[in-house]
Amino acid sequence: MCQLLGMNCNAPTDVMFSFTGFAERGGHTDHHGDGWGIAFFEGAGLRHFVDHQSACESPVAELIRRYPIKSRNVIAHIRKATQGEVTLENCHPFVRELWGRYWVFAHNGDLKNFHPRLHASFHPVGTTDSELAFCWLMQELAKSHAGVPSVEELTLTLRELVPQIARHGTFNFMLSNGQALWAHASTQLYYVLRQHPFAHATLSDEDLSINFAEHAGPNDRIAVVVTAPLTTNETWTAFAPGDIKVFVDGALAGV
């Protein structure tokens, strides 16, 4: 299976520390070596990087480790292929436009006998079940709302749509439109909320520690969501199977 990483913040923040540990799982400390990708929202724009090489060997991943791109919403993915060849078009996260906004999606899991009817403007470029599921979600969101709905309305709609996909297999995913980060767990996801008073954290996949108090202000809030905890000395909270959680401004929204 693949692994997911998401970050949601109330102020632009770089993801270098978390991504450094996460990328090690792409062929070094774990076997997810079939490509990787990451997307950063910046205002109405998006920086999107994908590579079919493993994250621990990719020169593009090395750039991300060293380049402090600041964003309020980030989604990253390292791939262990289950459906679709190891090609660039099959690398997550996937990107689509809806209502004049970019939408970013990444999936961990395997969907069986999932053959939805696509009749709108959303169609896969690659051959993964993941991109197919994303296209169907975008199609159904577009049918459900005439324009950009509120985060609360989107969350309610997703809670109606997601079980229709999840019944076909494992459907852990992350989704963002730059306003919020939505995450759904079929099997395994964890999150941590970082806020004042900030403390030290040590990566579990790399010999690297950081004192967040030296890098964050007293009003900063950061939510990190990941397939398996990235650090050894923070309290990570597990999702319950079937949970859809939404993070806004670095906090868990009560929707």
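Biologist: Which residues lie nearest the centre of the largest pocket?
Modeller: Bear in mind that this is a predicted model, where local features need pLDDT of at least 70, side-chain atom pairs count only at pLDDT 80 or more, and totals for chains, interfaces and linings use all residues. Numbering runs from 1 along each chain as its sequence is written, and side-chain values use heavy atoms, leaving out hydrogens and water. On a 1 Å grid over the protein atoms alone, a pocket is an open set of points where a 1.4 Å probe fits, with protein on both sides within 12 Å along at least five of seven lines, and lining residues have an atom within 4 Å of a point. The largest pocket has 16 of these, and nearest its centre lie Thr13, Asp14, Ile210, Phe212 and His215.

Biologist: Which element gives the largest share of that pocket's lining?
Modeller: Two elements give two or more residues each, strand S1 (3–14) and helix H1 (16–24); these are DSSP runs numbered from the N terminus, helices being H or I of at least four residues and strands E of at least two. The largest share of the lining is four residues, and it comes from S1.

Biologist: By class, how many residues of the lining are charged?
Modeller: Asp, Glu, Lys and Arg count as charged; Ala, Val, Leu, Ile, Met, Phe, Trp, Tyr, Cys and Pro as nonpolar; the others, Gly among them, as polar. The lining of the largest pocket has nine nonpolar and three polar residues, and the charged ones number four.

Biologist: How many residues of H1 are buried?
Modeller: Buried means under 20% relative accessible area (1.4 Å probe, protein chains only). The buried stretch holds Phe17, Ser18, Phe19, Thr20, Gly21, Phe22, Ala23 and Glu24. H1 is largely enclosed by the rest of the structure, because the buried count among its nine residues is eight.

Biologist: Which residue of S4 stands opposite Gly6?
Modeller: S4 is largely enclosed by the rest of the structure, since seven of its nine residues are buried. Strands pair if DSSP finds at least two bridges between them, and S4 runs antiparallel to S2 over five bridges, with Phe40 opposite Val74. S1 and S4 are antiparallel too, over eight bridges, and the S4 residue opposite Gly6 is Ile75.

Biologist: Which strands stand at the edges of the open sheet of six strands?
Modeller: The order is S5-S6-S7-S8-S14-S15, with antiparallel pairing. Five bridges link S5 to S6 (101–108), including one from Glu97 to Tyr102. Two strands have a single partner each, so one side of each lacks a neighbour in the sheet: S5 (94–98) and S15 (251–252).

Biologist: How far is Ala201 from Asn211, C-alpha to C-alpha?
Modeller: Ala201 sits in strand S10 (200–202) and is buried, at a relative accessible area of 0%. Beyond four places in sequence, its contacts (heavy atoms within 4.5 Å) include Phe17, Ile210 and Phe212. Asn211 is ten residues away in sequence, and the C-alpha separation from Ala201 is 6.6 Å.

Definitions and conventions. Buried means under 20% relative accessible area, exposed over 50%, partly exposed in between (1.4 Å probe, protein chains only).
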